[in-house]
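Take a look at the structure below. This report walks through a few of its parts, one at a time.

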Amino acid sequence: MAAMETQLAARAPMISIDQVAKRFAGPSGETIDALAPVSLTVARGEFLSIVGPSGCGKSTLLRLIAGLDAPSSGRIALAEEFRESARRRIGFVFQDPVLLPWLSTLANIRFPLDTAGTDRAEADARAHHLLDLVGLAGFADALPHQLSGGMRQRASIARALSYDPPILLMDEPFGALDLLTRDRLNDELLRIWEETRKTVVFVTHSVEEAAYLSDRVAVMSPRPGIVKAIHTVDLARPRGEATKLDPRFHALMAQFRKDLR
């Protein structure tokens, strides 16, 4: 693992999380500590997964990074060249694709560009490129209800990539899919990541998914969540079926489960 750790350390940080905590007001006015102080650095171009029990603050942390919520304390900093604009250009893929039902697949992918006032020809070219990238070239005119669950999630990923964000946040994007579809989309996501080299922060409940996709995996404790452990995934890329036969892959999953217990 030393070689992988050295490579990650040599990359400039894209996201720096310093003692970030989040508290909410409960239904009776009580204070709920959703996230205890968390410190974490995500390197440029890194694929970092976060695993942890339900309610531990994984999704809350993603929303804080995206700027959708403000931390109660602590600080989140982005790479210097993105500090002025990156929060408007962070791609976010939610658990539910949330596609607009009256728009075609192409129009859904193009939607962020349309709202930003991008020239239509440029927006169309970008959307068609992304349709190809996610394997939906033949479904440009299909409405969301005409797509399978996996296809809708592919369209959601393409939409998140439409404005070429430097950071892609993914909140259990494949959690509701069947195992075979999930496996296929894991491979599809890795292919896209290899091509684009976005900085990805990926939330999942699946220790197998985390071990398969990631450069590093952060394991969180129950609420209020803290980062309990961080593991480097020293498995060769590109990954495939041979990865899942590697004893180190199974050792990592066993370690993640131990940390979660």
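## A residue in strand β1

A21 is found in strand β1. The model is a predicted one. A21 has a relative accessible area of 4%. Buried means under 20%, so A21 counts as buried.

What does A21 touch, leaving aside its neighbours within four places in sequence? A21 is in contact with L35, A36, P37, P71, S72 and S73. S54 is another matter of distance: A21 and S54 lie 33 residues apart in sequence. In space, their C-alpha atoms are 17 Å apart.

## The three-stranded sheet

Strand β1 belongs to an open sheet of three strands. The order is β2-β1-β4, and the pairing is antiparallel. Which strands sit at the edges? They are β2 (31-43) and β4 (73-78), and each of these pairs on one side only. From one strand to the next, the twist averages 15°.

Now look at one pairing. Strand β1 covers residues 13-25 and pairs with β4 over five bridges, in the antiparallel sense. Here I15 stands opposite L78 in β4. Helix α2 (residues 58-66) packs on the sheet. This helix touches β1, β2 and β4. The direction of α2 makes about 120° with that of β1.

Strand β8 spans residues 216-220. How many of its five residues are buried? Five of the five are, and the strand is mostly covered. R216, A218 and M220 point one way from β8. V217 and V219 point the other way.

β8 pairs with strand β3 (residues 47-51). These two strands run parallel, joined by four bridges. I50 has A218 in β8 as its bridge partner. β8 also pairs with strand β9 (residues 227-232), in the antiparallel sense and over five bridges. In that pairing, R216 stands opposite T232 in β9. β8 and β9 form a hairpin, with six residues between them.

## A buried charge

D171 is in strand β6, which covers residues 167-171. D171 is buried, yet has no salt bridge. Where is the nearest side chain of opposite charge? It belongs to K58, 7.0 Å away.

D171 does have a polar contact. Its side chain makes this contact with the side chain of S59, at 2.8 Å. Not counting residues up to four places away in sequence, D171 touches S59, L62, F92, V93, F94, Q95 and V203.

Terms used
Residues are numbered from 1 along each chain as its sequence is written. This is a predicted model: local features need pLDDT of at least 70, side-chain atom pairs count only at pLDDT 80 or more; totals for chains, interfaces and linings use all residues. Side-chain values use heavy atoms; hydrogens and water are left out. Buried means under 20% relative accessible area, exposed over 50%, partly exposed in between (1.4 Å probe, protein chains only). Lys and Arg count as positive and Asp and Glu as negative; His and the chain ends are not counted. A salt bridge is a side-chain nitrogen of Lys or Arg within 4 Å of a carboxyl oxygen of Asp or Glu. A polar contact is a pair of N or O atoms within 3.5 Å; within protein, one must be able to donate a hydrogen and the other to accept it, and residues adjacent in sequence count only if both atoms are side-chain atoms. Contact means heavy atoms within 4.5 Å. Two strands pair if DSSP finds at least two bridges between them. Axes are lines fitted to C-alpha atoms, for helices over the stretch in contact, and angles run from 0 to 180 degrees between N-to-C directions.
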